[in-house]
Amino acid sequence: MSSGLILGIESSCDETSAAVVRGGREVLSNVVASQLVHADYGGVVPELASREHLRAILPVVRAALAQAGVGYAELDAVAVTEGPGLAGALLVGIAFAKALAFGAGKPLIAVNHLEGHIHAVLMDTASTVSSRPESAHFADGMERPASSEQSPLLALVVSGGHTHLYLAIRTPRQIWLYRNVGKTLDDAAGEAFDKVAKLLGLPYPGGPWMDALAAHGVADTALFPFTQIKQKASGNTAAKLARERLDPDDPTRFDMSFSGLKTAVRRYVETHAMQPAIAAREQALRREGLYRARLGEANVGTALQHFDATTLDLIASFQDAVVKNLVRATAHAAEHFGARGVLVSGGVSANRQLRRAMQEAFAGRLTVAFPTVALATDNAAMIAAAAWPKFLAQEFAPETLEPTPQLRLG
Ligand code: KG4
Ligand code: ZN
């Protein structure tokens, strides 16, 4: 008889993770080994990531099983991230999962990383995301299965690699279907956070640092006016729109843009001759060991000593503009598609200002659900949770499963 136990494995970027989840909801363990080696380089170095995954995968899987008190024989299936992500990094997880599934005689389930992020929220909040009783409509005539109680939901997946809006629809077979209705046309929001952080002398990943430091600055809304896609549809953005056959005037698309904000920060740094202070700050933070430390209250306090008021205001202003762009696109799309709930997931969903702004934007109208902070960034519990409906539908992966670095959702 099935005990509902799925071992999830995630290795798409710079976190090696394994988790045991029962019935798609109950997290028995969720072990995450974060690769601190990338902090020095201002971004993930693919070769280093693969090497670190190789080193970590076996101990991480063993720890996940031990913490859950579960042996290989008790598992119902092994689930693994198929993509999107770094090819070499994905390969480590997939090769390991295939060998394990084969050796233990368990089915293998392939999971899209983006669907995993959405399930990080659903596994926590499936009973609360449905808040609006009236039936949903699709302005463009898309059909909604009659028995999908909680759908459509509007899901914003916002991380270092993605900033995507999806309509998520639950079918009568309890399988989720997704349709992409918006995305960033250039940088992902997390990537913009990380690049601006690097520009200001902070370690990678900079998003959590920016979040902590922004609280000590005052946002100047005049500094970064909204980046309007239509006004921006020139150069690279226009070429990208043409390549992907997207129409900037399509009223059913809710695309976003963040590279303009990053460029505006760079220009501000140049015109205010901030580089010498930034170089000195980076030196100081390295000397104090903050480039190889996990973020905590104590080291934010130490870092703050190296920031002047203007830089803190710049950080607060940048974060404010990113958050407003995300909230605006999400609110417009939710309205347009008659969403019955909103969920926000991915690494950037840990951002405190984003959480506040989303709650405020939908207050009294729709429930906005977020994952717990531990489930917001990459982890394997979300992969095991997303695999559960597939397990029930017996949707198994072939033994020939390979990474799909550009895998899309919807
Ligand atoms: O989902 P995730 O762990 O990995 C990807 O799939 O990309 O997201 C990592 C991203 C990084 O860009 C990181 O800087 C950002 O999420 N991030 C944050 C915060 N925590 C993580 N960005 C802003 N504020 C945060 N609190
Ligand atoms: Zn992710």
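Mentor: Begin with the chain as a whole: 55% of its 410 residues count as buried. Keep in mind that this is a predicted model.

Trainee: What is the secondary structure of the chain?

Mentor: There are 14 helices and ten strands.

Trainee: What about contacts between residues at least 6 apart in sequence? How many of them join residues at least 24 apart?

Mentor: Of those contacts, 76% do.

Trainee: Let's go inside. Which residues touch the most other members of the largest nonpolar core?

Mentor: That core has 58 residues, and the ones in question are Leu-165, Phe-318, Leu-326, Val-344, Leu-354 and Met-358. Helix H11, residues 309-337, gives the largest share of this core, with 15 residues. Another core, of 27 residues, lies apart from it and includes Leu-5, Leu-7, Val-31 and Val-78.

Trainee: New topic: the ligand. Which residues come nearest to ligand 1?

Mentor: There are 19 residues around ligand 1, and the nearest are Gly-160, Asp-194, Asp-211, Gly-347 and Asp-378. The shell divides into five nonpolar, eleven polar and three charged residues.

Trainee: Which helices supply at least two residues each to that shell?

Mentor: Helix H3 (113-125), helix H4 (189-199) and helix H5 (207-214).

Trainee: Where do the oxygen atoms of ligand 1 meet polar atoms of the protein?

Mentor: Take the backbone cases to begin with. A polar backbone atom of Gly-160 is 2.8 Å from an oxygen atom of the ligand, and for a backbone N or O atom of Gly-161 the distance is 3.2 Å. Ser-159 uses its side chain, where an N or O atom is 3.4 Å from a ligand oxygen. The protein covers 91% of the 560 Å² of accessible area that ligand 1 has on its own.

Trainee: I clicked on Lys-262. Is that lysine buried or exposed?

Mentor: Lys-262 counts as buried because its relative accessible area is 11%, and the cut-off for buried is under 20%. It lies in helix H8, residues 259-271.

Trainee: What does the side chain of Lys-262 make a polar contact with?

Mentor: With the side chain of Asp-187, at 2.8 Å. Not counting residues up to four places away in sequence, Lys-262 touches Asp-187, Lys-195, Val-196, Leu-199 and Phe-318.

Trainee: Last topic, the backbone. Where are the cis peptide bonds you mentioned in your notes?

Mentor: One runs from Gly-83 to Pro-84, with omega near -5°. Pro-84 is in the loop between strand S4 (77-83) and helix H2 (87-104). Another joins Tyr-204 and Pro-205, with omega about -10°, and Pro-205 is in the loop between H4 and H5.

Trainee: Which residues other than glycine have a positive phi?

Mentor: Ala-273 is one of them, with phi near 50°. Gln-394 is another, with phi near 55°. Most residues other than glycine have a negative phi, and most peptide bonds are trans.

Trainee: Where do those two sit?

Mentor: Ala-273 is in the loop between H8 and helix H9 (275-287) and is exposed, at 55% relative accessible area. Gln-394 is in the segment after helix H14 (381-392) and is exposed too, at 53%.

Conventions. Residues are numbered from 1 along each chain as its sequence is written. Chains are lettered from A and ligands numbered from 1 in the order in which they are written. This is a predicted model: local features need pLDDT of at least 70, side-chain atom pairs count only at pLDDT 80 or more; totals for chains, interfaces and linings use all residues. Side-chain values use heavy atoms; hydrogens and water are left out. A residue is near a molecule or strand if one of its heavy atoms lies within 4 Å of it. A polar contact is a pair of N or O atoms within 3.5 Å; within protein, one must be able to donate a hydrogen and the other to accept it, and residues adjacent in sequence count only if both atoms are side-chain atoms. Accessible areas come from the Shrake-Rupley method with a 1.4 Å probe; for residues, only the protein chains shown count as cover. Helices (H or I, at least four residues) and strands (E, at least two) are DSSP runs, numbered from the N terminus. Ala, Val, Leu, Ile, Met, Phe, Trp, Tyr, Cys and Pro count as nonpolar, Asp, Glu, Lys and Arg as charged, and the others, Gly among them, as polar. A nonpolar core is a set of buried Ala, Val, Leu, Ile, Met, Phe, Trp, Tyr and Cys residues joined through side-chain atoms within 4.5 Å. Buried means under 20% relative accessible area, exposed over 50%, partly exposed in between (1.4 Å probe, protein chains only). Contact means heavy atoms within 4.5 Å.
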